[in-house]
Amino acid sequence: FPVLWLPAVLWGQGSGVTSTGRIWMALLLLVPITLVELYIFFGSTATRAWTICAGLLTGPGLPFLGILLWPFPAPGSEKFSGAEQSIRLLKGAYRACMLPAAAGYYFLIYHAYMNYATPKELLEALWGPKADGSVMFMTVDSCVLTLALFLYLIMTCPCSDVALTCLLTPFLGPAAGICAALGQREAERLKEFNGEGWQSLL
């Protein structure tokens, strides 16, 4: 899947500032996505609701929510009013997402510590005789998604921000580390905008 969306992002994201409406809608879309994922991990697999949520997560249901972003303009190279506000909002959004991302990471570490006696037992539960097909699918999906996001950072962020992500990941988790790098990228864009104007963002 990243083979499709990663080139699409790099070639089609534009070079301007993301509109505030698009940022707010992206933040709102996190709510149903997170609720479905929480039910997948904590709900009973014997219920029909779990089966529906699994279908939404692995099928086209949740990805199609991206259609709700279409009414808002994609980042372009033209100037528009409120650019500084948009950059500040996006920077704040990335940094705000660090908290729930880190909380989820710590919860997973706690869960693993309480339920698995050895690292070998944990690995077998993720990929081995004790893991079912859905668990192995999520293991592969999580690893591929994380690597794809790191590749995106390498292509769009300074080396210092990528190094920051690598340093923070063991302590805060990959999601919080990636959000930290993206937030720092927007902070640098804000400095460029205030110092050099629109030419620095084109």
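**Exercise 1. How many aromatic pairs does a search of the whole structure find?**

Solution. The model is predicted: local features need pLDDT of at least 70, and side-chain atom pairs count only at pLDDT 80 or more, while totals for chains, interfaces and linings use all residues. Residues are numbered from 1 along each chain as its sequence is written, and side-chain values use heavy atoms, without hydrogens or water.

Step 1. Rings of Phe, Tyr and Trp (its six-membered ring) pair if their centres lie within 6.5 Å. The search finds 2 aromatic pairs.

Step 2. Take Tyr105 and Tyr106. Their ring centres are 6.0 Å apart and their planes stand at 50°, so this pair is tilted (under 30 degrees is stacked, over 60 edge-to-face, the rest tilted).

**Exercise 2. Classify Tyr105 and Tyr106 by accessibility.**

Solution. Buried means under 20% relative accessible area, exposed over 50%, partly exposed in between (1.4 Å probe, protein chains only). Tyr105 has 22%, so Tyr105 is partly exposed. Tyr106 has 43%, so Tyr106 is partly exposed.

**Exercise 3. Describe how α4 and α7 meet.**

Solution. Step 1. Helices are DSSP runs (H or I, at least four residues), numbered from the N terminus. The axes of α4 (residues 83–115) and α7 (residues 159–172) come within 9 Å and cross at roughly 55°. Axes are lines fitted to C-alpha atoms over the stretch in contact, with angles from 0 to 180 degrees between N-to-C directions.

Step 2. The helices are therefore oblique (under 35 degrees is roughly parallel, over 145 roughly antiparallel, 65 to 115 roughly perpendicular, the rest oblique).

Step 3. Contact means heavy atoms within 4.5 Å. Met98, Ala101, Ala102, Tyr105 and Tyr106 of α4 meet Thr169, Pro170, Phe171 and Leu172 of α7.

Terms used
Helices (H or I, at least four residues) and strands (E, at least two) are DSSP runs, numbered from the N terminus.
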